[in-house]
Amino acid sequence: MEEDNKVICPVCEHVITDFDEEISDPCEHVMLTYVDTLNGEFVHSAKEAEDLEKEMLARYAHLEETGEDKTLDELMQTYADENEGFEVIELTTYGLACGPVSSTEYHLIKTS
Ligand SMILES: [Zn+2]
């Protein structure tokens, strides 16, 4: 199902990201999107995920206070593990800008 440079929604099979075509088009099942090169913020959040985004960011801010080392994608994974009907899909892409760069994007998908 999942191809190398694509993120496909497991619910509606919509192409969320196509790295080769430079497409980034979240469908309604994408609750939150996080890219690890942008620390501390989500690049996309669904309207219905507004509270969830706030909760995540509050949790993240609290982690920094307590000195725990967790990233937002780990919090998303934890959320998906603890809540039924959610899963995280990730895609790592490699490019050559000024030297090799890789970035990983994480999508929190609402599957039910
Ligand atoms: Zn979808």
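How far apart are the end C-alpha atoms of helix α1, and what span should its 17 residues have at 1.5 Å a residue? The end C-alpha atoms of α1 (residues 50–66) are 25 Å apart, which agrees with the 24 Å that the helix should span; the expected span is 1.5 Å times one less than the number of residues. The structure is a predicted model, in which local features need pLDDT of at least 70, side-chain atom pairs count only at pLDDT 80 or more, and totals for chains, interfaces and linings use all residues. Residues are numbered from 1 along each chain as its sequence is written.

The secondary structure comprises 2 helices and 7 strands, where helices (H or I, at least four residues) and strands (E, at least two) are DSSP runs numbered from the N terminus. Along the sequence the pattern is β-β-β-β-β-α-α-β-β. Helix α1 is followed by G67, which has a positive phi near 80°.

Along the principal axes, the C-alpha atoms fill a box of roughly 40 × 40 × 20 Å.

Of the 112 residues, 21% count as buried. A residue is buried if 20 or more other C-beta atoms lie within 10 Å of its own, exposed if 12 or fewer, and partly exposed in between, with C-beta atoms placed from the backbone. Apart from residues up to four places away in sequence, Y34 touches F42, V43, L72, D73, M76 and Y106, contact being defined by C-beta atoms, placed from the backbone, within 7 Å.

Strands β1, β2 and β3 form an open sheet in the order β1-β2-β3 with antiparallel pairing. Both β1 and β3 (23–24) are edge strands with a single partner, so one side of each lacks a neighbour in the sheet. Strand β2 (residues 15–18) pairs with β3 over 2 bridges, pairing requiring at least two DSSP bridges. The bridge partner of T17 in β3 is S24.

Methods. Two residues are in contact if their C-beta atoms, placed from the backbone, lie within 7 Å.
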